[in-house]
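Dear colleague,

I am handing over the structure below, and after it you will find a short account of what was found. Please read the two together.

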Amino acid sequence: MKFSESVFAARFGISRRDLERYLEEALSQGGDYADLYFEYLATSSISLDESMVKSAAQGVSMGVGCG
């Protein structure tokens, strides 16, 4: 999958050039190495008690960082 097809690019309008600028900025602070990482986690849970649904939940957690 190309980055331009990812959920981060589509949802937040991040381009390949944006990524290059972020890495350039990170390296301009004197580092020899930098990377960007993206995370997308979708969760679902259902709690049953004696065959009856007691609770249900869904969530999405996503983020981006530089290291």
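The chain has a mean pLDDT of 87, and 100% of its residues reach 70 or more, pLDDT being the predictor's confidence in each residue on a scale from 0 to 100. This is a predicted model, in which local features need a pLDDT of at least 70 and side-chain atom pairs count only at pLDDT 80 or more, while totals for chains, interfaces and linings use all residues. Residues are numbered from 1 along each chain as its sequence is written, and side-chain values use heavy atoms, with hydrogens and water left out.

Asp 49 has Met 52 in E2 as its bridge partner, and the hairpin of E1 and E2 has 2 residues between the strands. In the loop between E1 and E2, Glu 50 has a positive phi of about 55 degrees although it is not a glycine, and Ser 51, in that loop as well, has a positive phi near 65 degrees. Glu 50 counts as exposed because its relative accessible area is 73%, and Ser 51 is likewise exposed, at 74% (exposed means over 50% relative accessible area, buried under 20%, partly exposed in between, with a 1.4 Å probe and protein chains only).

Towards the helices, Ser 6 is found in the segment before helix H1 (7-12) and is buried, because its relative accessibility is 9%. A polar atom of the Ser 6 side chain lies 3.2 Å from the backbone nitrogen of Ala 9. Asp 18, which belongs to helix H2 (residues 16-27), is also buried, with a relative accessible area of 12%, and a polar atom of its side chain lies 2.8 Å from the backbone nitrogen of Ser 15.

What about the strand residue Val 60? Val 60 is in strand E2 (residues 52-66) and counts as exposed because its relative accessibility is 51%.

Best regards

Definitions and conventions:
Helix = DSSP H or I, 4+ residues; strand = E, 2+ residues; numbered from the N terminus. Polar contact = N/O pair within 3.5 Å; in protein donor to acceptor, adjacent residues only side chain to side chain. Pairing = 2+ DSSP bridges.
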